[in-house]
Structure formats: C-alpha cells, structure tokens
Amino acid sequence: MAKHFVFFFILVLCLSATLQKEGKKRRKVKRNSSEVAHPRTFLGVPEKGSILFALNGTQAPVFSNAPPALALLSNITKIYLDGPLSTRVIPIIYILAMAVGMPANIAILCMLATKLRKVSSAILYCSLAVSDLLLLLSLSFKTYYHLHGNNWAFSEDLCRLVTACFYGNLYCSAQTLACISIKRYIAVVHPFLYKGLPKRTCATWMTVAVWGVFAAGVTPELLVQQSYWIPEVNRTTCHDVLPLKESTHVLLLHSSLFLTIFCLLLPLVVTIVCYSRIICELNRSHHDWSVYIKASSLVFVIFLVCFTPAGVLQLSHQIQLFLGTEGLYMYFKAAVCLCCLHACLDPFLFVLMSKSAGSRLNFKPFVKMSVSLSA
C-alpha cells in the first residue's frame, strides 16, 4: 500500500511539473503574440497587457524606450514606406520649399515689421509668414525622416510636436489666406463698409482667432502616441501608421475630420467665393484694374492648386477611415506635399499684390471715395 502511495505521489508531481512547463510555454507564446498588433492598412489596434504596450496616460511606453509595435496586414503600406514617392519625391520637394521659402518669409517679416502700426494687412501677412516659417521648420525633420526610409530616429515627443506643427500650420495658413480674401472682398465689393471699419482691430482679432483655432487643433496631435515600430519593414514610423480604432486615438480621428471640414475646406470655399466676387466687381468697374485682376487671378489659381487636392483627398481619406477601409493615404500624402509649396509662394504673392494694389484709386461710381486695397 505504501509503495502504491509513493508511486501515486511521484506521478502527481511529474504531472504538475509538466503542466506548469506547458503553461509557461503558452504564456510566453501569448506574450510574444501580443507584442505585435494587427491593424488594417495604416491603422492599428495594439493589444493591452503586454510589457511593450504598458502605456501611461498619453500612450507613451513606460517599461521600454522602444515605441509600441504594429504589424502590417497589407502590402499597400509597405509599398508606400519603401517606394520612391515617400523616400525621394516628397523629401526633394520639401527641400526645395525650404530653400526658397525660409529666406523669403524671413525677408517679408523684416519688411513688414515697420508697417504693423500703419497698414492693417501687415498684421495678417506677418501671421501668415510666421505660420509658413513654422511649417517649413517642421519640414526639416520630415525631410530627414523620409530620406532615411521613413524611419523616425528622434523621440516620441518630437514626433508629436513636428506632426502638430506640420498639420496645424497648414490649417492656420489656409485660414489666414481666407481672412485676407475676406478683407479684400469687403474693400472692393463694400467700400463704404470697409472705410468705416476699425481695420487694425479687425485684423488683430482675425489673427487671434486663427491662432486660437490652431492651438485647439494641434492639441489632439500632442496627446496621443504618434510613433510606432513596424517589424515587417524594420523601422519606426511617425504618424504614418496609427491605431485610430483604439479609444486612445478616436479623438484624433474625429478632430482630424472636423479640422479638415472647417479649417481647410471651409476656408477654400470662402476664398473661392471672395476672389470670384472681387474679379467680377473689378471687371464691371469703369477704372482699369487689369493688373489687380491678373494678380488676384494668380493668387486664386495658386490657392486652388495648392489646397484643393489636399482638402478633397483628406476628407475622402477621413471618410474611408470611418468606414473601415483604406486606400487613399499615399495620394493624400502627395497632395499635402503639393500643399506645402504655398509656404514658399506666399511671400512672392504678397509682393505682387502689394505692387498691384499699392496706389489709391477711385473705385466704381464712388468718385469721391478713395479706397486703398492694400490698407
């Protein structure tokens, strides 16, 4: 009897050890599989509970300096990350924009610094130049990122800051250009109203409102994780692959849609309406406004070329994300790259508009009234 009891006791110990060993293997496999989430293209849903995904309140890794990992389920993302569009074409355009835009905007700021108290438009153009400079500054980091195969070599905090500065200043520039078009529209179409307005006060409040929207718009970009490790391509992306279906990033998805509609598409519509009315009114005038009409038409066309593709594609891209599909991201990135060119064109457009509208001319039948379109 004692022998049977000893044999039974040894058998139980062996079975217990075997089960414990098997349990450790299963937990190890589960832990390894949870290190990589499997998102849709450009989207990710990281699993919670893994050491790699132990996150703090702002989704930054706690126990590891490495960013959270996401896996790619589609070749579309990999094609974009490895393709010449993102690694050659986009950074080359960024370099050209910085080479032209930075000195041009600095020169405009120096020129306008002495006119802030005299010309109300100088306030709006200074705001536009500052916005363009911040955008171009963010392009320096994005250029490095793209030239190194879309591999983010800097910190998570810098990724958030660069992303917020990049997209925030695109919206800020679009709104400022819309404000300038509204100001010119009132000056041409409603000259009596324009002459009675406190122009400097209106321009100041317009600028404050634009930068207030900018501050509110970039906040979601600063609060969520932006950089993720992609094992399939062996690199860390910045903003290109995000777990937008996760509760931590839902705010970013909704805020991006809101900003696209109200800070990009709405300014685009306002600018189209304003410049269309300006050109129509000047064509009906008895004075020769051909130079100003050509300058306004050029500004109008450049605004359309730079901002329309980005606005339309970003809205379509956001709608696709809500529907759970993805396929327009690389086209959207190309359109945003084109949109950045306005940052190096704005200073030259300002000089062109100033020269064409610098003289005080009588407009339409209001012979006794003098209107300066550059005031």
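Helix 3 (residues 84-112) and helix 4 (residues 121-147) have axes that come within 8 Å and cross at roughly 150°. This is a predicted model, so please read every value here as computed from it. Angles over 145 degrees count as roughly antiparallel, and helix 3 and helix 4 are therefore roughly antiparallel to each other. As for handedness, helix 3 passes helix 4 in a left-handed crossing. If you look at what lines the contact between helix 3 and helix 4, you will find 21 nonpolar, 7 polar and 3 charged residues.

Helix 3 also spans the residues that lead us to another part of the chain. Phenylalanine 348 sits in helix 11 (residues 342-357), and leaving aside residues up to four places away in sequence, phenylalanine 348 touches Val100 and Ala104. The C-alpha atom of phenylalanine 348 is 9.6 Å from that of glycine 101, although 247 residues separate the two along the chain.

Now to the cysteines. How many disulfides does the model contain? The count comes to 1 disulfide, and the link joins cysteine 159 to cysteine 238, with an S to S distance of 2.0 Å. The link of cysteine 159 and cysteine 238 is right-handed, with 105° about the S-S bond. Cysteine 159 belongs to helix 5 (residues 156-189) and cysteine 238 to strand 4 (residues 235-238), so the pair ties together parts that are 79 residues apart in sequence. Both partners are hidden away: cysteine 159 counts as buried at 0% relative accessibility, and cysteine 238 is buried too, with a relative accessible area of 6%.

Cysteine 263, by contrast, is in no disulfide; the nearest cysteine sulfur, that of cysteine 172, is 9.5 Å away. Cysteine 263 also counts as buried, at 3% relative accessibility.

Definitions and conventions
Residues are numbered from 1 along each chain as its sequence is written. This is a predicted model: local features need pLDDT of at least 70, side-chain atom pairs count only at pLDDT 80 or more; totals for chains, interfaces and linings use all residues. Side-chain values use heavy atoms; hydrogens and water are left out. A disulfide is a pair of cysteine sulfur atoms within 2.5 Å. Helices (H or I, at least four residues) and strands (E, at least two) are DSSP runs, numbered from the N terminus. Buried means under 20% relative accessible area, exposed over 50%, partly exposed in between (1.4 Å probe, protein chains only). Axes are lines fitted to C-alpha atoms, for helices over the stretch in contact, and angles run from 0 to 180 degrees between N-to-C directions. Angles under 35 degrees count as roughly parallel, over 145 as roughly antiparallel, 65 to 115 as roughly perpendicular and the rest as oblique. A crossing is left-handed if the near helix is turned anticlockwise from the far one by less than a right angle, and right-handed if clockwise. Ala, Val, Leu, Ile, Met, Phe, Trp, Tyr, Cys and Pro count as nonpolar, Asp, Glu, Lys and Arg as charged, and the others, Gly among them, as polar. Contact means heavy atoms within 4.5 Å.
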